Amino acid sequence: MKRKNCLLFFVLSVLSTWATESDIRRVIELEDEWKFINRDVREGAAIDLDDSDWEVMSIPHDWAIIKPFDMNMDMQRTQVIEDGETKALLRTGRTGALNAFGVGWYRKKIIVSEQDRGKKIFVEFDGAMSLAKVYLNGNFIGEWPYGYTSFTFELTDKIKFGSENILSVRLENLPESSRYYTGAGLYRGVRLVILNPVHVAHWGTFVTTPVVSVDKAIVDVRTNVCVRTKQKGKIKLVTEILDQEGKKVAKAISTSHQADSIFYHQKLQMKSPHLWSVSSPYLYSVLSKVFVDGKMADCYLTTMGIRSIDFDTNKGFLLNGQPFKLKGVCLHHDLGPIGAAVNVAALKRQLRLLKEMGSNAIRTSHNPPSREFLQLTDSMGFVVQVEAFDEWKVAKNLNGYHLYFDEWAEKDLRAMIRRDRNHPSVIMWSIGNEVREQKMPEGKEIAKFLTDVCHQEDATRPTTSGFNYHMDAIRNGLADEVDVVGLNYKPHDYAKLHAKYPQYKLYGSETVSTWSSRGIYKFPVQETSSSWYDDYQLSSYDLEHARWSCTPDIELAQQEHCDFIMGEFVWTGFDYLGEPTPYNEATPARSSYFGIFDLAGMKKDRFYLYQSVWSDEKVLHLLPHWDWEDRLGQVVPVHCYTNYPKVELFVNGVSQGIRERNNSTVYDRYRLRWNDVIYAPGEIKAVALDVNNNVVAEKIVRTSGTPYKIKMKADRDIMLADGKDLIYVTVEVQDKAGNLCPRSSCMLFFTVSGSGKLKAICNGDPTDQTSFASNYMRTFNGKMVVIIQSTKEEGDIELSVIGGKLKGDSITVRTKR
Ligand code: GAL
């Protein structure tokens with residue numbers, strides 16, 4: 001990060017030596033002082049509208065996330081054929097039980113100075129949820145229905161230079177428009193871009209690396225320069241590549257005579273390049289400097305990495321020529337209790353946790369991600385499959401994307417790829433997830449059309465699609481129209497498909513869908529796909545899964561068995577808002593159970609299973625907790641996720657035997673199990689042994705005493721005073737000795753003072769109806785997470801918690817500029 005700042009400083013100083021700020025590109029983030037109202041206002045766009053009673057707020061903003069839960073919200077009578085339903089059911093909580101529906105208006109005053117007359121003025125939206133209609137000074141500027149793709153409009157003709165302008169945006173979310181929570185509002189960035197008439201076009205560079213080796217790389221740079229002036233002049237493009245220290249490592253100069261649009265194509269050679277990889281995500285900066293008659297008119301920065309990607313029918317995916325198994329997760333875009341509004345600190349935390357688990361890949365199911373997300377995957381080292389659509393022309397949702405497909409699919413796809421094709425982390429474009437056209441002969445034609453569009457925009461990355469009806473997708477030709485065939489939930493077919501269709505490049509685009517509630521264990525312990533419990537929770541023994549899916553162990557075994565399979569994307573990394581399967585019908589559940597992490601980002605047991613297989617960390621994790629007053633003298637099976645070869649288990653000092661990892665069943669391969677342990681309070685201890693029976697690690701889980709105190713732990717103690725940064729505080733209810741009370745449900749109350757505010761609280765319980773914006777909530781199995789956001793004032797933030805007779809706690813966090 002330090003290095004990046006240093007580079008940014010360098011780039012800015014380079015720019016200032018060439019030109020004064022107003023001479024070249026100016027980018028003004030429109031973050032603060034927006035006015036907002038959550039209803040339709042017929043004259044919302046009118047310049048003289050009295051908006052004095054509108055809320056003053058900042059963006060990114062998700063208007064729904066702070067609202068109360070309401071199980072009537074977006075209740076739908078729907079038949080989900082993908083879930084095998086034979087008739088329509090009344091679905092509750094499907095989109096998160098939050099009011100993200102109806103109309104919202106945003107207005108902002110903008111002033112562009114008189115000196116900027118003659119410049120070209122644009123407004124860029126990273127995403128607006130949804131059906132955006134944009135106005136300037138009451139004049140309609142343009143519209144963009146899909147909430148997930150980025151778009152730009154030119155304002156030059158309508159702007160009043162030197163005086164106040166009103167930018168207004170009308171957004172509307174229709175009911176039954178999605179299968180999961182969308183969020184609502186200006187939930188991604190908006191900015192004003194002020195350019196000289198001669199400038200690099202919007203998303204106007206395309207940087208690829210056709211030759212990559214440790215000795216040499218060729219960087220191919222295509223630059224589209226717009227010439228929006230009649231004045232004649234000699235136009236020159238100077239392209240420079242800078243390394244992370246800001247050192248110039250390659251340069252190309254091209255000149256050209258005037259035309260409306262100039263397409264430059266340059267090839268730059270580099271010696272001994274730093275290759276981009278997930279363990280060493282080295283980034284270079286490409287500076288595109290445009291000169292008119294020797295005077296700099298624009299300078300545009302593209303970040304890129306030097307890496308090669310290959311997809312092989314037998315060897316799988318190769319990064320820089322080396323086989324690379326995708327240890328991936330699917331992620332929805334919502335950030336749990338803070339909703340869909342993009343936040344870098346929240347994204348970073350998710351990625352840090354996934355890295356810790358050993359994950360190296362992400363599928364942005366089922367929609368294009370934020371810019372910030374891909375900047376982080378570039379710099380933190382993940383490969384990414386960017387997905388465009390969850391629906392084509394055949395509806396999955398009454399008011400879903402099918403309403404816009406004909407008119408907008410091509411525009412959305414081009415926007416997605418043009419914005420994101422310079423990210424080294426992006427390795428594939430998915431044209432759709434489980435589209436219903438798999439079952440139709442017409443599906444082939446649409447798949448071909450979308451793949452062609454992708455290839456026109458970027459011939460360096462393959463297209464793919466997640467097929468759940470894989471045999472239909474093959475029969476109807478869709479599988480032949482994508483470059484890489486994604487299989488949703490088909491581990492048992494990998495080998496068969498490879499033998500029968502050796503031409504396909506295969507991977508598990510969506511796998512596992514095991515469901516669990518953090519800290520909940522159900523008895524008897526059994527593998528099942530028809531879980532239903534009266535408390536609307538699910539077991540964390542990780543043996544319960546959807547009817548169409550399987551346990552993690554089964555998929556992991558197939559992944560290891562089949563070298564030709566490129567890897568998998570587990571459904572899902574984090575729990576998300578909406579889709580509370582299997583409690584879809586008339587229940588209090590409003591968020592998913594599929595995550596490896598709960599909605600608050602706390603680790604479920606499954607984290608350790610993946611960590612033991614995917615990472616190089618030594619793992620020794622025991623489950624369940626050991627508080628079973630209600631099971632005295634009864635069997636409580638003990639499982640251990642570990643990558644040590646063998647483990648001996650003790651209950652109150654009495655050995656329960658040694659278990660060794662072996663291949664007799666998939667479960668013996670990935671977890672050690674003591675299925676006949678009789679519960680007695682006290683402690684369970686796992687002792688890990690090496691092959692020579694030396695003790696190499698130990699892990700103890702104790703029965704807790706009476707809940708006595710509250711303990712808080714922040715994930716950092718210093719944060720940025722920028723009004724955006726977040727600190728996540730894990731809160732535990734503990735006994736006097738400091739053991740977690742793993743079944744406690746205690747109401748806790750929080751206060752925050754100083755230079756921060758309480759952003760959200762979340763306990764990870766998918767059925768909890770307390771608003772995320774509340775200052776109180778019950779712990780779920782002894783834990784919850786409190787999220788604190790900085791203000792722009794530097795100083796200390798104090799967070800205090802009390803709860804009934806429990807001993808309270810407080811912590812202080814410092815904020816700095
Ligand atoms: C898949 C679908 C996902 C999610 C998942 C749950 O079929 O693509 O969006 O619904 O099932 O198991």
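The model is predicted, so local features need pLDDT of at least 70 and side-chain atom pairs count only at pLDDT 80 or more, while totals for chains, interfaces and linings use all residues. Residues are numbered from 1 along each chain as its sequence is written, and side-chain values use heavy atoms, leaving out hydrogens and water.

**Exercise 1. Find which residues are around the ligand, and sort them by class.**

Step 1. For the classes, Ala, Val, Leu, Ile, Met, Phe, Trp, Tyr, Cys and Pro are nonpolar, Asp, Glu, Lys and Arg are charged, and the others, Gly among them, are polar. The shell then has 4 nonpolar, 3 polar and 4 charged residues.

**Exercise 2. Give the distance from a polar side-chain atom of Glu579 to an oxygen atom of the ligand.**

Step 1. The distance for Glu579 is 2.5 Å.

Step 2. Now look at the ligand's area: taken alone, the ligand exposes 310 Å², and the protein buries 98% of that. Such areas come from the Shrake-Rupley method with a 1.4 Å probe; for residues, only the protein chains shown count as cover.

**Exercise 3. Check the span of helix α5 (residues 443-457), then locate its buried residues.**

Step 1. Helices are DSSP runs (H or I, at least four residues) and strands are too (E, at least two), numbered from the N terminus. The expected span of a helix is 1.5 Å times one less than its number of residues. For the 15 residues of α5 this gives 21 Å, which agrees with the 21 Å between its end C-alpha atoms.

Step 2. Buried means under 20% relative accessible area, exposed over 50%, and partly exposed in between (1.4 Å probe, protein chains only). In α5 the buried residues are Gly443, Ile446, Ala447, Leu450, Thr451, Val453, Cys454 and Glu457. They cover an arc of only 155° around the axis, so they sit on the same side of α5; the arc is that of the directions from the helix axis to the C-beta atoms.

Step 3. Glu445 and Gln456 are exposed on the other side of α5.

**Exercise 4. Describe the backbone and the burial of Ser513.**

Step 1. Ser513 lies in the loop between β29 and α9.

Step 2. Its phi is positive, about 40°, although Ser513 is not a glycine.

Step 3. Ser513 counts as buried, at 1% relative accessibility.

How values were computed. A polar contact is a pair of N or O atoms within 3.5 Å; within protein, one must be able to donate a hydrogen and the other to accept it, and residues adjacent in sequence count only if both atoms are side-chain atoms.
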